[in-house]
Amino acid sequence: MNLNSLDLNLLVALDALLREVNVSRAAMRIGLSQPAASHALQRLRDLIGDPLLVRNGARMELTPRAQALRAPLAQALDQVRSLFIADEFDAARSERQFRLMMPDLAVELLMPPLMEKITKIAPNVRIDVVPWRGPAIFTAEFARTIDMVISIGNAFTGFHRQRLYTDSDALAVRRGHPIGARLKRPDVFLEARHVAVVIRGQSEDLIDIWLRPKGIERRIALVVPGYIEALHVAARTDLVAFVPRRLIGALSKQLSLTTVTPPLDPGIDEQFMFYPTRAQMDPGSIWLRNIMLGIGREMERGKKAA
């Protein structure tokens with residue numbers, strides 16, 4: 001192919017068509033009229049020698065050739081865009097949109113201070129939070145849409161890892177719980193009925209994975225997909241939630257919860273910030289990472305002061 005004759009705008013149109021699988025929506029995505037998008041599709045079909053989008057009943061679907069083009073095309077466009085990244089990030093003027101993936105406990109602990117800071121210094125920046133869905137969702141195509149991940153555990157492929165803050169697990173019960181104060185005793189802990197948290201992408205509660213080698217099995221009465229749900233249930237029942245201590249502290253007043261130290265020391269949990277290798281030198285990413293790391297440091301200082 002003679003690249004001198006290639007209109008690079010066709011690649012942008014192709015990316016939109018492959019993402020939307022619909023000519024009208026693709027046109028809206030890149031600011032073209034529908035006839036212009038249809039014309040671009042025809043030019044692409046002639047150029048590539050494949051229909052790319054074909055009709056199947058009332059909707060369109062991608063050909064195998066189009067499916068194969070999606071990931072490498074998106075990567076190529078990312079690389080082209082990176083050539084034109086500004087040397088500086090003007091937070092006060094920026095309208096950039098950042099996409100973060102994190103579990104509900106991280107949203108509860110990190111988003112209020114993050115948005116307070118961003119509102120003051122970058123009022124037009126937008127933060128989109130994607131619910132935590134586990135490492136299995138991290139295809140190369142999905143990873144390219146994410147600017148930051150907050151998670152425990154090992155690094156994701158193509159992402160750097162930095163420790164954000166530490167925490168430990170504790171028991172949360174409603175105020176006035178009939179056996180709350182006695183849950184520090186192993187026998188009472190074992191007799192209590194618990195609410196377990198099994199986050200999407202996991203097979204069971206991490207607490208139970210930790211307890212099983214010690215020969216301890218909790219009495220699980222309820223399984224929920226998030227820590228916030230577990231605390232809401234604990235606040236309105238006699239079930240016990242074994243969750244991160246910082247989260248209990250953040251919601252204890254609102255939900256009338258009490259923190260109880262468990263009979264076994266669960267040790268320290270480390271929460272990490274992951275960011276894409278491709279964005280290591282991106283000024284906008286650096287700006288956001290520095291704010292997030294600052295919040296982590298403030299949390300650690302608050303823990304020591306307490």
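A cavity is a set of grid points where a 1.4 Å probe fits but cannot get out. The close-ups below come from a predicted model.

**View 1. One cavity passes the volume cut-off.** The count comes to 1 cavity of 30 Å³ or more. The largest cavity has a volume of about 40 Å³.

**View 2. Six side by side names make up the cavity lining: Asp15, Leu18, Arg19, Arg70, Ala74 and Glu141.** Two elements each give two or more residues to this lining: helix H1 (9-20) and helix H4 (64-82). H1 gives the most, with 3 residues.

**View 3. The largest nonpolar core has 59 residues.** Leu100, Leu110, Leu231 and Met292 have the most contacts inside this core. Which residues does Met292 contact, leaving aside its neighbours within four places in sequence? The partners of Met292 are Leu100, Leu110, Met111, Leu114, Met148, Ile150, Leu164 and Met273.

**View 4. A second core is separate and has 21 residues.** Among its members are Ala26, Ala37, Leu44 and Leu69.

**View 5. Strands S1 and S2 form a hairpin.** Strand S1 covers residues 53-56, and strand S2 covers residues 59-62. The two strands run antiparallel, joined by 4 bridges. Leu53 has Leu62 in S2 as its bridge partner. Between the strands lie 2 residues. Gly57 sits in the turn, with a positive phi of about 70 degrees.

Terms used. Residues numbered from 1 in each chain as written. Predicted model: local features only at pLDDT ≥ 70, side-chain atom pairs only at ≥ 80, totals over all residues. Heavy atoms only, no water. 1 Å grid on protein atoms, 1.4 Å probe; cavity = no way out; pocket = protein on both sides within 12 Å on 5 of 7 lines; lining within 4 Å. Points joined across faces, edges and corners; volume = space filled by probe spheres on them. Core = buried A, V, L, I, M, F, W, Y, C linked by side-chain atoms within 4.5 Å. Buried < 20%, exposed > 50% of the residue type's maximum accessible area, 1.4 Å probe, protein only. Contact = heavy atoms within 4.5 Å. Pairing = 2+ DSSP bridges.
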